[in-house]
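This report describes the fold of one protein chain for a reader who is new to structural work. Please consult the sequence and the structure shown below while reading.

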Amino acid sequence: TRSGRSSSAPPAAAGPPALPPSYTAPPYAARPYVSPQATAAEAADLAFMREEEKLARDVYRFLYERWNLTAFDRIADSEATHFASVGALLTRYGIADPARADSPGVYTDERFTVMYAELTAKGAASLKDAAAAALLAGVLGFFFLALRTEIAPGGLDVSARWGLWLA
């Protein structure tokens with residue numbers, strides 16, 4: 001060849017490296033089977049999670065607009081990621097999206113509409129109250145996730161998502 005190298009092809013790759021003997025797969029990776037359909041309870045949980053993530057995102061966005069604190073903006077972005085992840089699961093399992101009309105403070109479940117009104121009213125009053133409202137908006141999801149993981153770990157890959165959020 002012109003470059004002076006031999007014309008023989010380089011040796012074929014040997015494949016991915018072997019995992020060390022001490023490797024342990026995380027618990028959420030141990031589920032090789034994913035149910036093709038959601039049960040009624042799983043569908044209800046996902047719909048609830050979608051609106052809960054929307055509530056948290058909407059409240060943090062409101063607080064950022066009111067107080068212009070970067071922390072509220074960053075947390076709102078994180079909640080938007082969670083919101084999108086749950087939306088992807090709803091699509092994957094053919095579950096109706098309760099947050100299809102994505103307007104701040106508008107929810108299918110009236111309880112979320114009431115919580116949004118209460119949390120934004122509280123958060124608008126003072127920066128101290130904004131911190132309290134933010135805490136409440138964030139904690140709701142964690143309590144729900146912890147409760148559902150304890151009660152019904154489920155067969156969908158939803159369990160993996162719950163486990164990742166709780167880690």
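The chain contains five helices and zero strands. The model is a predicted one. Read from the N terminus, the elements follow the order α-α-α-α-α. Of the 167 residues in the chain, 34% are buried.

**Helices α1 and α2**

The discussion begins with a pair of helices. Two packed helices are described by the angle between their axes and the distance between the axes. The axes of α1 and α2 come within 8 Å of each other and cross at roughly 160°. An angle over 145 degrees counts as roughly antiparallel, and α1 and α2 are therefore roughly antiparallel to each other. The crossing in which α1 passes α2 is left-handed. Sorted by class, the residues in the contact of α1 with α2 comprise 17 nonpolar, three polar and seven charged ones.

Which residue takes a positive phi just after α1? That residue is Asn-68, with a phi of about 55°. The value is positive although Asn-68 is not a glycine. Asn-68 belongs to the loop between α1, residues 40-67, and α2, residues 70-92. Its relative accessible area is 55%. Because a residue counts as exposed when this value is over 50%, Asn-68 is exposed.

| Helix | Number of residues | Span in the model | Expected span |
|---|---|---|---|
| α3 | 16 residues | 23 Å | 22 Å |

For α3, which covers residues 110-125, the span is close to the expected one.

Which residues of α3 are buried? They are Phe-112, Tyr-116, Leu-119, Thr-120 and Gly-123. Viewed down the axis of α3, these buried residues fall within an arc of 100°, so they line one face of the helix. The face of α3 turned away from this buried side carries exposed residues, namely Glu-110, Arg-111, Glu-118, Ala-121 and Ala-125.

In summary, α1 and α2 are roughly antiparallel, Asn-68 lies in the loop between them, and α3 has its buried residues along one face.

Terms used. Residues numbered from 1 in each chain as written. Predicted model: local features only at pLDDT ≥ 70, side-chain atom pairs only at ≥ 80, totals over all residues. Heavy atoms only, no water. Helix = DSSP H or I, 4+ residues; strand = E, 2+ residues; numbered from the N terminus. Expected span 1.5 Å × (residues − 1). Buried < 20%, exposed > 50% of the residue type's maximum accessible area, 1.4 Å probe, protein only. Arc of directions from axis to C-beta. Axes fitted to C-alpha atoms, helices over the stretch in contact; angles between N-to-C directions. Parallel < 35°, antiparallel > 145°, perpendicular 65-115°, else oblique. Left-handed = near helix turned anticlockwise from the far one by under 90°. Nonpolar A, V, L, I, M, F, W, Y, C, P; charged D, E, K, R; others polar.
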